Amino acid sequence: MTRRNIESHRIVGIVCLIGLASAPFLLGILTLRQLTAALFLGMFAMSWDYVSGYTGQLSFGHSMFFGIGGYTAAVLNLNVGLSPVVTILAGTVAAGIAGLLVGVPALRLRGPYLALITLIAPLVLVQIVNIYPDMLGGEGGLQGMDLLVAVDEPIGVLSAVGFESAFEHRVVVYYYVALLLFLAIYALFYVFTRSYVGSVFTAIREDEDAVAAVGVDAAKFKLFAFTMSGVVGGLAAATLVHTPLAGAAPERLLVLPVSIEVVLIGFLGGMGTITGPAATGIVFYFVRDTLQASDAVIPLVGLPVGEVWEVLFYSIALLVLFALPRGVLPWLSDLSRTVRDRNDPSAEPISETH
Amino acid sequence: MSADESEPLLSVSDLTVSYGKVTALDGVDIDVRTGETIGVMGPNGVGKSTLVDAISGFLDYEGSITYRGMEVSEASTQTLVENGLFYCTERRDLFGQMSVEQNLRLGSYLNRDGENERLEKVFELFPRLEERRSQEAESLSGGEQQMLSLGRGLMSDPDFLILDEPSIGLAPVVLEDISDALAAITDLDVTVLLCEQDITFALEHADRLYLLENGAVRRSGPTESLQSDEFVESYIGG
């Protein structure tokens, strides 16, 4: 990496940050609502990338953390009457404990065996939700949890900058709640993955036996990674169920397609980059929603896009994966390096910091 | 290099290792004392790597291997590394997608005190690694990867370094660099167990030699005395 490269990354980061911060003033209110939901998908993707992208412990059932976080918060709020702040904390802790428990088999199992464990765990949880419909809402899920921030009346500041209805105010407030959480999680993972811990994670992904040979207790780091991943996934989901965006329903938090989407986003964005899956999660959400809502008709076959969106969407994803097996972000990074080297072959390489 | 006459740092006694029905090592006895450089020689497939894998705690074995009085089979790799043992494998086991510097710093995982000073020493010993400190390990040449493997071993501040075939696959000019580095390492009072099939390399560095054949020690003794040994001569000749 060169100084100029780092500089250009910083500029892109600052531009993205400014863009996200000013999104309420640039986008329509419904698009802003979509972006809020997309940020949550980005958070889920980051939580997956932290353990699977960095340490190589492939999880195909990350929805278990989202489900545990979201349902814990929802049940405690609806049945026990705890406030959203407390239930979000409880959901986060519960998902962290789930991460720790899933991490235990990861100490003994590798590759497909571990993947199978993670795949089965959320299936069990879905069945539990169906077995206890009174408490967990069954297939329809739980609705009507208290909102994290009550926006019943228009807020003066937002009215002053042009947002009129209470609905608009609520969308803007929850957008900033999601953005703050997204940035906090991103910053947390950024610091962790660029630290010595991040180096050990990468080393575990590359060669666990070699890691042991240098005296690293890989088990400890794997447990930590799973726990952190659970904590972050649970935090995002527990917060989500206290927004107007979603309830705690299996199809939003628990079912297999949720897990598969997160894995797909991780691969598409670039495993082990955090930034790639975070950004791809947002784009992914918009592409999926656009296709789902489209009333265009596919020429020649005459099928409405909205009815066959899944075929189109996953085909596009597979094509991107085929063309860019390392993911979009590493490809963009390589591309910018190639362009820069062509323009300035004397760019001075520098060491990375730890 | 003067050897300590007290308890051996490493004592291998009646060591037998089998892979299923195949016996790779059969009743091997080896002692290594503090400050020594011990050469274990023999052609491919004779059991050298099996020996050092067992000593480093990566294989089950019969008999006894004690390092600093600890039975290796009862100690974790972490404990062995904490006690100064570091194993540079024949495969080198580098983390290919990590930078040279990250690979080196991982070597000092259990001993972060003085990490930066050791890093500077490694760069003094292998200036080429400093030039390539930000480069991914997989992009290095074979010789540079060997330097990195040795450097990572030194980053752990080892008392006892096990080197499995450090000369393998290296061009003569690179081999000279590795040889110089090994001489510098032994000057640092690091005890070394050197597994080699390059006889010249082993004779140049080892204080004492063990010659393996078919999984058993056929000859052992000080390097000077073995240089004129018939069996060793036949090995050199062969």
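**Close-up views of chains A and B in a predicted model**

**View 1. The contact between chain A and chain B.** In this predicted model, the contact draws 23 residues from chain B and 19 residues from chain A; two residues are in contact if their C-beta atoms, placed from the backbone, lie within 7 Å. On the side of chain B that touches chain A, α2 (77-82) and α3 (100-107) of chain B each supply at least two residues. The largest share of that side, 5 residues, comes from α3(B). Helices (H or I, at least four residues) and strands (E, at least two) are DSSP runs, numbered from the N terminus. By class, the side of chain B that touches chain A holds 7 nonpolar, 10 polar and 6 charged residues. Ala, Val, Leu, Ile, Met, Phe, Trp, Tyr, Cys and Pro count as nonpolar, Asp, Glu, Lys and Arg as charged, and the others, Gly among them, as polar.

Residues are numbered from 1 along each chain as its sequence is written, and chains are lettered from A and ligands numbered from 1 in the order in which they are written. As the model is predicted, local features need pLDDT of at least 70 and side-chain atom pairs count only at pLDDT 80 or more, whereas totals for chains, interfaces and linings use all residues.

**View 2. Helix α3 of chain B.** The buried residues of α3(B) are V100(B), E101(B), Q102(B), N103(B), L104(B), R105(B), L106(B) and G107(B). A residue is buried if 20 or more other C-beta atoms lie within 10 Å of its own, exposed if 12 or fewer, and partly exposed in between, with C-beta atoms placed from the backbone. Because 8 of the 8 residues of α3(B) are buried, the helix is largely enclosed by the rest of the structure. The cover over these buried residues includes α10 of chain A, together with α4 (115-125), α5 (127-131) and α6 (142-155) of chain B.

**View 3. T202(A) in helix α10 of chain A.** T202(A) is found in α10 (residues 196-206) of chain A and counts as buried, with 21 C-beta neighbours inside 10 Å. Leaving aside residues up to four places away in sequence, T202(A) touches Y54(A) and G272(A) as well as F95(B), Q97(B) and M98(B). The C-alpha atoms of T202(A) and G56(A) are separated by 7.9 Å, although these residues are 146 residues apart along the chain.

**View 4. The two domains of chain B.** The domain assignment of chain B gives domain 1 (1-84 + 159-238) and domain 2 (97-157), the bounds coming from an automatic or database domain assignment. Taken over C-alpha atoms, the centres of domain 1 of chain B and domain 2 of chain B are separated by 23 Å. In chain B, 13 residues of domain 1 are in contact with 11 residues of domain 2. On the domain 1 side of this contact, α7(B) gives the most, with 6 residues. The residues of that side divide into 10 nonpolar, 1 polar and 2 charged.

**View 5. Strand β3 of chain B.** Strand β3 (residues 37-41) of chain B is largely enclosed by the rest of the structure, because 5 of its 5 residues are buried. T37(B), G39(B) and M41(B) point one way from β3(B), and I38(B) and V40(B) the other way. β3(B) pairs in the parallel sense with β8 (residues 191-196) of chain B over 5 bridges, where pairing requires that DSSP finds at least two bridges between the strands. Here I38(B) stands opposite L193(B) in β8(B). A further 4 bridges join β3(B) to β9 (residues 208-213) of chain B, also in parallel, and V40(B) stands opposite Y210(B) in β9(B).
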